[in-house]
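Okay, everyone, thanks for coming. Let me put it up on the screen.

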Amino acid sequence: MTATLFTKGSLLGASPAMFVGGEWVTTDGTRPVDNPATGEVFTAVPEGKQEHIEDALARASAAQKEWARRSYVERAAVLEEIIRHIDAHAEELAQIVVAEQGKTITEARGEVGGAKAFFDYAASQKYRNVGELAAPAAHGQQLVIREEPVGIVAAIIPWNFPAAIFARKVAPALMAGNAIVLKPSEVTPLSALAMAKVCQLAGVPDGLISVITGPGRVIGAALVEHPLVSMVTVTGSTRAGKEILAKASDKIIPVSLELGGKAPVIVFDDADLDLAVQQAFEARFWNCGQVCTCNERTYVQRGVYDEFVKRFVAKVQDLKVGDPLDDTSQMGPKVSQAEWDKVKAFVDAAVEAGAKVETGGGRPDGMEDSGGYWFAPTVLTNVTNHMEIVQQEVFGPVLPIIPFDTYKEVIEWANSTVYGLTSHVYTENFRTAMRATDDLEFGEVYINRIGPEEVQGFHTGWKLSGLGGDDGVHGFERYTRRKTVYTDYGSST
Ligand code: NAD
């Protein structure tokens, strides 16, 4: 099936090239890309070098100056054209996401819809207020605080939503008048290259978007350090975020970080149990557990614990793991062998520490001989809050379910990790819901519902989950800076 992605008229062409300052370039060195469902290498992408970074940034610098002179309405017209081209290539984009990332085709189609929504929201900013008028000290004077683009944005993105996170960064960066150079994950470079092609077809001026493929600590780090880059936006692990923040501090440029999470789902005795079981299930196994907002640990109040576990395990045993291109599959493979090994090590350590495997625990039955990175949906009980599997981000299809007795105890446990991105609460009691909203130390609280987050919200991690954030008006503002203009036009006599 991957052969159809590489034809003369396809988004990726006969073989993938890198997008540097409006040109499609190839290099001597390449990096293989494999299919997580089979483990087979199906293509390779150019490995970026310093010279590509220099070219991309020089072209970005020239292009940005012209772009910033266009009005918001004119920029929005280009974004609206991108939406039309995403629509025209939606199925091809979804197939590319599946081929390199492994999520199911249903989820990949949802991701492409999400990519469109980011451009739609950014385009909606065409009528925003772009400044403030402060009261001047004297008559005949004006004091304006203007919104301006930051210049050139470097965006570093992960593998779990390779098309949508491209859009999450590129859409607001462009709308605010910036150029952007994006480095996709080494594991999933194709979706970003295909999205760049869509942007080119939509008429985005040359140089405004570049995509440079290669390793984070080489290409990503070189972008962060480059004098022409005036802002960095990252979605990735806390480890990468810390390294990037340290490097950016030398230049004192704005950095926005969307990092790891360890979202709790808290189910109180009075919850609607059908709803809680269904949504805890969806929020755990979405994209094979590889979503920063995923349900990473579920705390269930003692009175309904046994019933919750019984119903949850039954659902998990019915979950259809299989070919991601099959419309009926509910879960695909992990993205890579390294990720598979990491998740297996978490499960083994938990079992060693006393956890009981209710279902799953390793490769799914019947997939022992597959070269793909298949991991069975797994439920663990007999787990305590201090265990590593409850404290560290697992990012895989493994759920520890932990009983609790009191409100105070569960809020303490929910707040006990170094992460603070997303949290979920299930209760029919309004007071409990509102108190939990006050007490949870997370940038996002979901009450009796799960994500995905919405483009007009603000996706922001507290603690080691991030700095700044994406989406909505607050995310958009990150791509702007302020200029205060003092004018004296003379007092009328
Ligand atoms: P990762 O940190 O390994 O890589 C993310 C990106 O950073 C990649 O492009 C990588 O090449 C680059 N990178 C890594 N080290 C770097 C360095 N020192 N300098 C510059 N660039 C560097 O993360 P991943 O494994 O691709 O993605 C999974 C992680 O992303 C999880 O922790 C997940 O929670 C997080 N994530 C967070 C959000 C969010 O919105 N908060 C969304 C999606 C994923």
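So, start with the helices: α7 (216-225) and α8 (238-249) each give at least two residues to the shell around the ligand. Helices here are DSSP runs of H or I, at least four residues, and strands are E runs of at least two, numbered from the N terminus. Before I go on, this is a predicted model, where local features need pLDDT of at least 70 and side-chain atom pairs need 80 or more, while totals for chains, interfaces and linings use all residues. Numbering runs from 1 along each chain as its sequence is written, and side-chain values use heavy atoms, with hydrogens and water left out.

Which residues come nearest to the ligand? Out of 30 around it, they are Glu186, Ser237, Glu243, Leu259 and Glu393; "around" means a heavy atom within 4 Å. By class, that shell has 13 nonpolar, ten polar and seven charged residues. In that scheme Asp, Glu, Lys and Arg are charged, Ala, Val, Leu, Ile, Met, Phe, Trp, Tyr, Cys and Pro are nonpolar, and the others, Gly among them, are polar.

Now the polar contacts, meaning N or O pairs within 3.5 Å. The side chain of Glu243 puts an N or O atom 2.5 Å from a ligand nitrogen. For ligand oxygens, a polar side-chain atom of Glu393 sits at 2.6 Å, and one of Trp159 at 2.9 Å.

Last bit, the backbone. Most peptide bonds are trans, and most residues other than glycine have a negative phi. Gly451 to Pro452 is cis, though, omega near 10 degrees, and Pro452 is in the loop between β19 (444-447) and β20 (462-463). Asn382 has a positive phi, near 55 degrees.

Notes. A polar contact is a pair of N or O atoms within 3.5 Å; within protein, one must be able to donate a hydrogen and the other to accept it, and residues adjacent in sequence count only if both atoms are side-chain atoms.
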